[in-house]
Amino acid sequence: MKNISILGSTGSIGTQSLDVCRMHGYSIKCLTANSNVDLMEAQIREFKPEIVCMMNEKAASTLKAKISDMNTKVVAGLDGLIECAVYDGADTVLNSVVGMIGLQPTLEAIKARKTIALANKETLVAGGHLVTNLAKEYGVSILPVDSEHSAIFQAMQGSPSKSAVKKIILTASGGPFFGKTLEELEHVTAADALKHPNWDMGQKITIDSATMMNKGLEFIEAKWLFDMPNEDIEIVVHRESVVHSAIVYQDNSMIAQLGVPDMRIPIQYALTYPERKPSPVASLSLSDYGRLTFFEPDYENFKCIDVCRNAIEMGGLHPAAANGANEESVKLFLEGKIKFTDIAYLNDKAMRNAPEKKNFTLADVLETDKMAREFVRNSINEYGES
């Protein structure tokens with residue numbers, strides 16, 4: 001019996017994680033959410049966790065009243081999120097919260113020697129060596145939940161050694177704006193950007209997919225997860241989202257992981273690893289697809305990929321700045337305050353404005369994140385207000 005805490009249980013990854021847990025009868029010890037009281041109440045009544053956290057304190061108070069007939073403890077805010085991350089009753093923490101808020105709970109869960117099923121990419125993008133070094137120190141496994149990193153992880157299971165792997169290939173759907181010119185992208189709306197062709201995701205990650213920032217962040221994440229040189233990580237646009245990613249061995253053999261575009265496959269593998277179990281996901285039929293296509297990314301019109309590649313090349317706090325700036329610029333775009341094309345421009349400016357410091361601390365990361373967000377807010381009148 002696995003005992004699991006899910007951070008971000010009311011979001012897209014969180015609800016699909018509960019589908020997997022429901023199928024396999026896993027025990028849910030902790031759940032966390034931002035402010036969705038009604039869905040959290042339903043989850044509590046079904047899974048009967050011992051403790052839940054609402055980031056919004058008013059929502060926590062409302063929830064407490066709604067479940068007064070239950071034995072579940074309700075906590076709030078970042079302290080409550082961390083309390084759930086380190087809870088003694090759980091052995092695995094699935095972190096699917098969105099944004100930088102996920103970094104500190106991951107670090108504390110590692111110190112508590114929990115197995116980490118990681119869907120919060122900001123943890124590695126911003127935290128970098130803080131996370132990987134701590135995981136090594138405490139002997140903790142970080143199992144990727146992102147479909148691309150899970151695919152690479154799965155493909156590597158047959159590798160005799162890390163040195164046998166020549167290259168990583170990250171696939172990207174290309175988002176809703178594949179093939180559009182920069183001039184066309186100037187006029188797209190948030191509603192347009194939220195229409196992803198293959199995946200059903202939350203707003204922030206869907207916008208990141210549209211700008212290709214998501215693939216840039218995954219590039220950085222892959223660097224830390226698999227300890228590969230930047231030049232050995234390749235991005236390929238694959239419109240069908242069937243090949244989730246691949247690796248190339250030294251003999252030029254390529255091993256890929258394929259499946260229907262359903263996040264419950266990588267979620268389940270992170271929770272059942274190293275076992276393979278029946279899944280709630282439909283079986284892939286290659287003949288139904290008939291054709292799978294692959295393209296070079298459009299770096300000229302989708303500049304966010306290079307923002308991230310440059311950030312990891314520059315190292316230190318630059319990835320944290322790129323990530324923080326992106327969270328703020330996506331928020332401003334969704335609010336209609338900047339254009340779609342302003343996102344990459346502002347992210348790049350803020351990333352380059354990061355302080356030069358290679359041996360950074362958690363405090364440095366949090367301060368850089370704050371500075372990057374402020375830089376974006378202060379820059380929109382000059383650079384990007386539409």
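Two residues are in contact when heavy atoms of theirs lie within 4.5 Å. With this definition in hand, the overall fold can be described. The structure is a predicted model. Among contacts in the protein between residues at least 6 apart in sequence, 68% join residues at least 24 apart.

The protein contains 18 helices and 11 strands. Its radius of gyration is 20 Å, close to the 21 Å that the globule rule gives for 386 residues, so the protein is as compact as a globular protein of that length. Along the principal axes, the C-alpha trace spans about 55 × 50 × 45 Å.

The next topic is the division between interior and surface. A residue is called buried when its relative accessible area is under 20%. By this criterion, buried residues account for 56% of the 386 residues. The protein exposes about 16,100 Å², and carbon and sulfur atoms supply 48% of that area. As for charge, there are 39 positive and 50 negative side chains, and the centres of these two sets lie 3 Å apart.

Strand S1 comprises residues 3-7, and strand S2 comprises residues 27-33. The two strands pair in the parallel sense over five bridges. Within this pairing, Ile-4 stands opposite Ile-28 in S2. Strand S2 is mostly covered, with six of its seven residues buried.

Helix H7 covers residues 129-138, and its buried residues are Leu-130, Val-131, Thr-132, Leu-134 and Ala-135. An α-helix has 3.6 residues a turn, so residues three or four places apart point the same way. After H7 comes Gly-139, whose phi is positive, near 65°.

The last stop is a loop residue. Asn-301 is found in the loop between helix H14 (286-289) and helix H15 (304-314). Is Asn-301 buried or exposed? Asn-301 has a relative accessibility of 19% and therefore counts as buried, given that the cut-off for this class is under 20%. Which residues does Asn-301 touch, not counting those up to four places away in sequence? They are Lys-180, Thr-181, Leu-182 and Leu-185. Asn-301 can also be compared with Gly-179: the two are 122 residues apart in sequence, while their C-alpha atoms are 9.1 Å apart in space.

Terms used
Residues are numbered from 1 along each chain as its sequence is written. This is a predicted model: local features need pLDDT of at least 70, side-chain atom pairs count only at pLDDT 80 or more; totals for chains, interfaces and linings use all residues. Side-chain values use heavy atoms; hydrogens and water are left out. Helices (H or I, at least four residues) and strands (E, at least two) are DSSP runs, numbered from the N terminus. The radius of gyration is taken over C-alpha atoms; the globule rule is 2.2 Å times the number of residues to the power 0.38. Buried means under 20% relative accessible area, exposed over 50%, partly exposed in between (1.4 Å probe, protein chains only). Accessible areas come from the Shrake-Rupley method with a 1.4 Å probe; for residues, only the protein chains shown count as cover. Lys and Arg count as positive and Asp and Glu as negative; His and the chain ends are not counted. The place of a charge is taken as NZ of Lys, CZ of Arg, CG of Asp or CD of Glu. Two strands pair if DSSP finds at least two bridges between them.
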